[in-house]
Amino acid sequence: MTTLPQSAEVIVVGGGIVGLSVALALAEAGAKPLLLEAKSFGGAVTGGSLAAIGTHMHGLAEYGVMAHACDLWRAFAERTGNPFEHTAQGQVGFILDAEGMESGEGWVAEERALGAPCRMLTPAGLAEVEPRLTGPVLGATFAPDTATVNPFLAARTVLAEARAAGAVALDHAPVAGLLVEAGRIAGVCMADGAEIRAGQVVLASGPWSQEISVSAGVCLPLVPRQAQCLAALRQPPGTIRRIVSAVESRGGVASGYTQIQQAGSGQILFNTVVDFIETPPEAKDTVREVPSGFVLTSIDTLATLFPSLAEIPLLRSWVRFEAVSPDARFLAGAVGPEGLWVCAGDNGSGYCRSLMLGRFLAGEIIGAALLPGALQADARALYAPQRFTQVAA
Ligand SMILES: Cc1cc2nc3c(=O)[nH]c(=O)nc-3n(C[C@H](O)[C@H](O)[C@H](O)COP(=O)(O)OP(=O)(O)OC[C@H]3O[C@@H](n4cnc5c(N)ncnc54)[C@H](O)[C@@H]3O)c2cc1C
């Protein structure tokens with residue numbers, strides 16, 4: 001068993017892709033972080049992700065920081081020799097009705113005005129970029145620059161780079177609470193009662209960050225939301241060429257957002273989120289079954305969009321928990337007592353933002369702008385936890 005250190009300069013709680021990215025950026029800035037993960041690195045929502053990296057249909061306010069987030073993933077792949085399968089296969093947003101067409105055209109016009117290379121496709125154009133998508137689609141949006149990464153391999157690469165830069169990262173090290181002395185953070189208390197002292201603590205524990213923050217009197221407005229995925233048996237490469245997502249908010253599945261893609265392994269993956277399913281507090285310790293209704297509507301949608309794939313056998317399914325904030329944006333910045341920071345609230349697309357958020361938050365902690373130009377200030381304005389009155393300044 002690993003011996004815990006007695007102190008650290010900065011402690012990062014949570015070894016998903018966000019905590020790993022914060023630890024990497026801190027280590028590269030010379031801050032010697034200690035990363036504490038309750039279970040295994042990348043084993044929570046991070047490992048269950050489809051990990052699409054792109055700006056398309058993520059909201060115009062975040063466009064600048066999201067575009068930089070995508071650049072950081074491209075540069076990270078180049079620097080490390082791309083052991084995590086960063087591949088720019090492009091993203092198709094399918095449209096099933098006139099309302100969706102109006103929405104798709106609106107997204108494309110606004111993103112193009114900001115410099116994005118997306119465009120509209122007619123059904124004939126769609127047949128060229130996604131030949132098997134032969135269902136009753138009126139048209140599509142197309143973002144050729146959206147990429148994917150393998151979520152496990154990317155998390156492992158960030159971990160290895162963080163360690164190489166000087167981070168100490170320990171798994172099976174659950175944090176129980178925060179130590180506060182004279183109104184400022186003094187460290188963390190581990191589940192086994194041990195204390196580790198530190199002047200700065202970052203909560204990157206996803207939907208469960210709130211469980212830890214309350215010990216310092218901080219209420220974070222984050223709730224867990226189920227995201228679920230079906231995986232089919234391997235299919236020949238190029239069966240589905242792009243990331244296929246729904247422009248219409250409901251996407252053809254009874255409730256939620258739809259995303260279909262083929263993993264590097266060849267498996268066809270079908271993801272959706274289900275809003276407002278109550279999540280019991282003990283959910284993080286259980287393996288949840290995907291509801292049968294989700295399976296049926298997913299198969300229906302897949303068979304409607306890709307009739308030639310109607311018979312592919314399913315292999316497995318999984319449910320993971322995303323952290324949802326009231327305005328669907330991260331909380332990243334200082335909270336509560338001096339020395340306490342949060343970086344959580346992924347709202348289902350935290351993989352894409354993670355390297356950018358890691359650099360942003362590391363910059364705030366060491367007092368330097370690690371994002372270029374105005375982006376550090378932009379990120380501060382977008383993600384400030386103080387936009388919610390529940391969070392103490
Ligand atoms: C099916 C699916 C598809 C997705 N598709 C995309 C996509 O295409 N693009 C995209 O950008 N995002 C996508 N996402 C979302 C993305 O995976 C998440 O936004 C991202 O992984 C969040 O990372 P995180 O580090 O914040 O959270 P997590 O991975 O949940 O990490 C938090 C970590 O904190 C640890 N922890 C909790 N409590 C404690 C404690 N007390 N002490 C120590 N450690 C603790 C947990 O064990 C966990 O490992 C998808 C998610 C799913 C499920």
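## Domain interface

Between them, domain 1 and domain 2 bury about 1200 Å² (accessible area, 1.4 Å probe, lost on being put together and summed over both), with 57% of it on carbon and sulfur atoms. Domain 1 consists of 7–48 + 152–222 + 327–387 and domain 2 of 91–144 + 223–324; the bounds come from an automatic or database domain assignment. Their centres, taken over C-alpha atoms, are separated by 30 Å. To the contact (heavy atoms within 4.5 Å), domain 1 gives 15 residues and domain 2 gives 12 residues.

The model is predicted: local features need pLDDT of at least 70 and side-chain atom pairs pLDDT 80 or more, while totals for chains, interfaces and linings use all residues. Residues are numbered from 1 along each chain as its sequence is written, and side-chain values use heavy atoms, without hydrogens and water.

## Salt bridges

The whole structure holds 11 salt bridges (a side-chain nitrogen of Lys or Arg within 4 Å of a carboxyl oxygen of Asp or Glu). The count between domain 1 and domain 2 is zero.

Glu62 is in the loop between strand S3 (52–53) and H2, and Arg353 is in helix H8 (residues 350–366), 291 residues apart. Helices (H or I, at least four residues) and strands (E, at least two) are DSSP runs, numbered from the N terminus.

## Helices H2 and H9

Gly64, Val65 and His68 in H2 are in contact with Leu375, Asp378, Ala379, Leu382 and Tyr383 in H9. Five of the residues in this contact are nonpolar, two polar and one charged.

Conventions:
Nonpolar A, V, L, I, M, F, W, Y, C, P; charged D, E, K, R; others polar. Buried area = accessible area lost by both parts, 1.4 Å probe.
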